[in-house]
Amino acid sequence: MRTIFLLYTILCSFLTFAQNGAPKKPNILVILTDDMGYSDIGCYGSEINTPNIDKLAANGIRFTHFYTTPRCSPTRASLLTGLYSHQAGMGHLSTENFTQAGYVDGLSKNAVTMAEVFQQAGYATYMTGKWHIAKNTKKEGDRSNWPLQRGFQRFFGTLNGSGSYYDPGTLMSNNTFIPPAKNFYYTNAISDTAVKFIQEHPSDKPFFFYVAFTGAHWPLHAPEEAIKKYNGVYEKGWDEIRKQRFNKLKQLGIIDNRAVLTERSVTIPAWENEPLQNWQVRRMQVYAAM
């Protein structure tokens, strides 16, 4: 969570500076990926091909010490508000019912989202992707915690937490539920719509854009042509891949050279003892493709 607080403090300080007559305000893009491991992208030691993310990292900062809220809704609530998830009313998942403070069924109305702050600072505010911080995900009922009601002026994505990448539930355009287009794949649709919103954005106004991917959240769905790129990569098994990533993290300076690789989890067998190797290889390929 430390990373989120740092990011939010920088953004709020910038907005204060911008409102006091500073030069032209820059456009700001926040990209979120879902259920990704620490070393799952190239610039953090992965064998997965992520060239565009790696370029961003090469010209920016790679954080190496931070806290996380390891569930979908708490993480998104914290990122959008700069608060601990319980302070934002999202201590668990938005689909759960609890009565304790900090575990209510939607994003707290006492929490202000980045979109609401940026809109007050004269920004256009856009979002594509997964929301997952509203209790109600149906046409009927309370819409007060949907994206357009929490500071975003344009929205394309889903309200719920997971589902098919080819026919996702709760797919929306602004406040209207829509069916997926022909040859739909959700990750591509999130990116393509983000590009569309930017192309249609008026040049005389800055924008804040929140691109919240569902990938690589379960279920594992990816186009076959993307999966084939990883033929022959994972047959060596997870033990060898784990060692390779660990060594690469050291080479990149992300972890200390004195670090020692921990023992494998007792719930995961040694690769040579895994009875379903072909199935596991396929799973790793699809995840990498996502």
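Strands E2 and E3 pair in the parallel sense over five bridges, where strands are DSSP runs of E with at least two residues, helices are runs of H or I with at least four, and both are numbered from the N terminus. Two strands count as paired if DSSP finds at least two bridges between them. The model is predicted: local features need pLDDT of at least 70 and side-chain atom pairs pLDDT 80 or more, while totals for chains, interfaces and linings use all residues. Residues are numbered from 1 along each chain as its sequence is written, and side-chain values use heavy atoms, leaving out hydrogens and water.

Tyrosine 126 stands opposite arginine 154 in E3. Four of the five residues of E3 are buried, that is, under 20% relative accessible area with a 1.4 Å probe and protein chains only (exposed is over 50%, partly exposed in between). E3 also pairs with E4, in the antiparallel sense over three bridges, and threonine 158 stands opposite leucine 171 in E4.

The open sheet has six strands in the order E1-E6-E2-E3-E4-E5, with mixed pairing. Its edge strands are E1 and E5 (176-177), each of which pairs on one side only. E1 runs parallel to E6 (residues 207-212), joined by five bridges.

Helix H3 (residues 72-81) lies across E1, E2 (124-130) and E6, running at about 170° to E6. Axes are lines fitted to C-alpha atoms, for helices over the stretch in contact, with angles from 0 to 180 degrees between N-to-C directions; contact means heavy atoms within 4.5 Å.
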